[in-house]
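The stops below follow pairs of charged side chains.

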Amino acid sequence: RARYVSAIQDLGGTPLILPMTQDTKVIKGLLDLVDGLLLTGSGPDLDPALYGESKRFKFKIMSPERAGFELKLAQMAVDRDLPVFGVCGGMQVLNVAFGGTLVQDIASEVKGALAHQQKTAAVEPSHEIRVTHGSQLSKIVREPVVWVNSSHHQAIKSLGQGLVVNATAPDGVIEGLEHPECGFALGVQWHPEFLYRQDEHHRRLFEAFLKKAAQV
Ligand code: MN
């Protein structure tokens, strides 16, 4: 996961990894220290109970400590209009933090789905996405279609309050979301931290986040 840190550092930011805590006062203090919040990908998935469902498929569940921390962080960061960038599982956290739900297993639940868990290396894009015209994402990437990598078996189902879709895969799977009322609260389902060195579209995502953070 060091690539998240490298991306922030390579593109002019100062990365700071936050220690996990459930204490709201401490989370407030942590957010006071930073100019932006990057919610990283996670590996294990959120417990479906967090969005009111029972677990229907086999997958690893994130510890309640990490889930609680990330959900609180996301809510409190958006509340104070701190720039928030969610990547993969981090985007799913952003959605669930605002009352959204997740597709628990794309292959089992989405008919005709693409292979969203690519077998090839993460530095190789594997499917395209269509960027929603007029979205903040479209102003960042400046292309209607972008090739992305894909390493997820879950996806956004219903959107959290205030969030809108900014990108979809050809099979209809949601690949990005954003909060139009916020300065920068944006998530992508792919992994730009593997692509920013070779592809300007993905570099611009981090640059847009860092530019907003620099204005805080
Ligand atoms: Mn995908």
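Select E53 to begin: this residue is buried, with a relative accessible area of 17%. Buried means under 20% relative accessible area, exposed over 50%, and partly exposed in between, with a 1.4 Å probe and protein chains only. The side chains of E53 and R56 form a salt bridge, 3.2 Å from N to O. A salt bridge here is a side-chain nitrogen of Lys or Arg within 4 Å of a carboxyl oxygen of Asp or Glu.

The model is predicted: local features need pLDDT of at least 70 and side-chain atom pairs count only at pLDDT 80 or more, while totals for chains, interfaces and linings use all residues. Residues are numbered from 1 along each chain as its sequence is written, and side-chain values use heavy atoms, with hydrogens and water left out.

Next, select helix 7, residues 200-214. Helices are DSSP runs (H or I, at least four residues), numbered from the N terminus. Within helix 7, pick E200 and R204, which are 4 residues apart, about one turn of the helix. Their closest N and O atoms are 3.2 Å apart, in a salt bridge. R204 is buried at 11% relative accessible area, whereas E200 is partly exposed at 42%.

Stay in helix 7 and pick R203 and E207, again 4 residues apart. Their side chains meet in a salt bridge of 3.0 Å, N to O. R203 is partly exposed at 30%, and E207 is partly exposed at 32%.

Finally, select E53, R56, E109 and K157 together: salt bridges with shared partners join them into one network. The structure holds 8 salt bridges.

Technical notes:
Helix = DSSP H or I, 4+ residues; strand = E, 2+ residues; numbered from the N terminus.
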